[in-house]
Amino acid sequence: RLARIEYASGNLDAAEEDLHDVIATLDPLLPPDHALRTQFDVMRGMIAKARGDLASAQQAYEAAEARPLPVPLEAAIVRMHLAGVLLARGDLAAARAKLDASQPILEAALLPEAVEVVEARGYAADLASRERATRR
């Protein structure tokens, strides 16, 4: 949680350090499929994307997506983040697939003001605009 607070405050170095510390502490204690491992990957992706390292962000989100995600909302959030990275990297088709898989779940499960819903809508608008531009 501290890493997310630091991230939200724009303190990427502190967020990365906090994430490293918690992983060093908890990693040996967690079973391989523990849900916190997914959160570690997501946080890695968020920090990498904020730093402009889209390749590392994509790798982190793909690692999160590959883990067992028994809660559909959690899977949708991971895919929404991955869609944002794919969009930033210019892979419109892959971004569309991830966004189409995630947005209906986010819209159904969360309030319209939820950060994830707002972020997904922003990606959807940007994606639609870029798709229109490529058809011209």
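Buried means under 20% relative accessible area, exposed means over 50%, and partly exposed lies in between, using a 1.4 Å probe and protein chains only. The model is predicted: local features need pLDDT of at least 70, side-chain atom pairs count only at pLDDT 80 or more, and totals for chains, interfaces and linings use all residues. Residues are numbered from 1 along each chain as its sequence is written, and side-chain values use heavy atoms, with hydrogens and water left out.

**View A. Ile-47, a buried residue of helix 3.** Helices are DSSP runs (H or I, at least four residues), numbered from the N terminus. Ile-47 belongs to helix 3. Its relative accessible area is 3%, so Ile-47 is buried. Contact here means heavy atoms within 4.5 Å. Setting aside residues up to four places away in sequence, Ile-47 touches Tyr-7, Ala-15, Glu-16 and Leu-19. Ile-47 and Tyr-7 lie 40 residues apart along the chain, and 7.2 Å separates their C-alpha atoms.

**View B. The largest nonpolar core.** A nonpolar core is a set of buried Ala, Val, Leu, Ile, Met, Phe, Trp, Tyr and Cys residues joined through side-chain atoms within 4.5 Å. The largest one holds 34 residues. Leu-19, Tyr-61 and Leu-99 touch the most other members. Two or more residues come from each of helix 2 (12-26), helix 3 (35-50), helix 4 (54-66), helix 5 (72-88), helix 6 and helix 7 (115-135). Helix 5 supplies the largest share, 9 residues. Beyond its neighbours within four places in sequence, Tyr-61 contacts Val-42, Gly-45, Met-46, Val-78, His-81, Leu-82 and Val-85.

**View C. Helix 5 packed with helix 6.** Two packed helices are described by the angle between their axes and the distance between the axes. Axes are lines fitted to C-alpha atoms, for helices over the stretch in contact, and angles run from 0 to 180 degrees between N-to-C directions. For helix 5 and helix 6, the angle is about 145° and the axes are 8 Å apart. Their crossing is left-handed. That term applies if the near helix is turned anticlockwise from the far one by less than a right angle; clockwise makes a crossing right-handed. On helix 5, the residues that meet helix 6 are Pro-72, Leu-73, Ala-76, Ile-77, Arg-79, Met-80, Leu-82, Ala-83, Leu-86 and Leu-87. By class, the contact has 17 nonpolar, 1 polar and 2 charged residues. Ala, Val, Leu, Ile, Met, Phe, Trp, Tyr, Cys and Pro count as nonpolar; Asp, Glu, Lys and Arg as charged; the others, Gly among them, as polar.

**View D. Ser-102 in helix 6.** Helix 6 spans residues 92-109 and includes Ser-102. Ser-102 counts as buried because its relative accessibility is 0%. Its side chain reaches the backbone oxygen of Lys-98 at 3.0 Å. A polar contact is a pair of N or O atoms within 3.5 Å; within protein, one must be able to donate a hydrogen and the other to accept it, and residues adjacent in sequence count only if both atoms are side-chain atoms. Residues up to four places away in sequence aside, Ser-102 touches Ala-76, Arg-79 and Met-80.

**View E. Ala-120 in helix 7.** Ala-120 has a relative accessible area of 0%, so this residue is buried. Apart from neighbours within four places in sequence, Ala-120 contacts Met-80, Leu-99, Gln-103 and Leu-106. Leu-30 is 90 residues from Ala-120 in sequence and 31 Å from it in space, C-alpha to C-alpha.

**View F. Arg-37 in helix 3.** Arg-37 is buried because its relative accessible area is 12%. The Arg-37 side chain reaches the backbone oxygen of Pro-31 at 2.9 Å. Neighbours within four places in sequence aside, Arg-37 contacts Asp-27, Leu-30, Pro-31, Pro-32 and Arg-67.

**View G. Asp-33 and His-34 in the loop between helix 2 and helix 3.** Asp-33 counts as exposed, at 58% relative accessibility. His-34 is partly exposed, with a relative accessible area of 31%. Asp-33 and Leu-73 are 40 residues apart in sequence and 17 Å apart in space, C-alpha to C-alpha.
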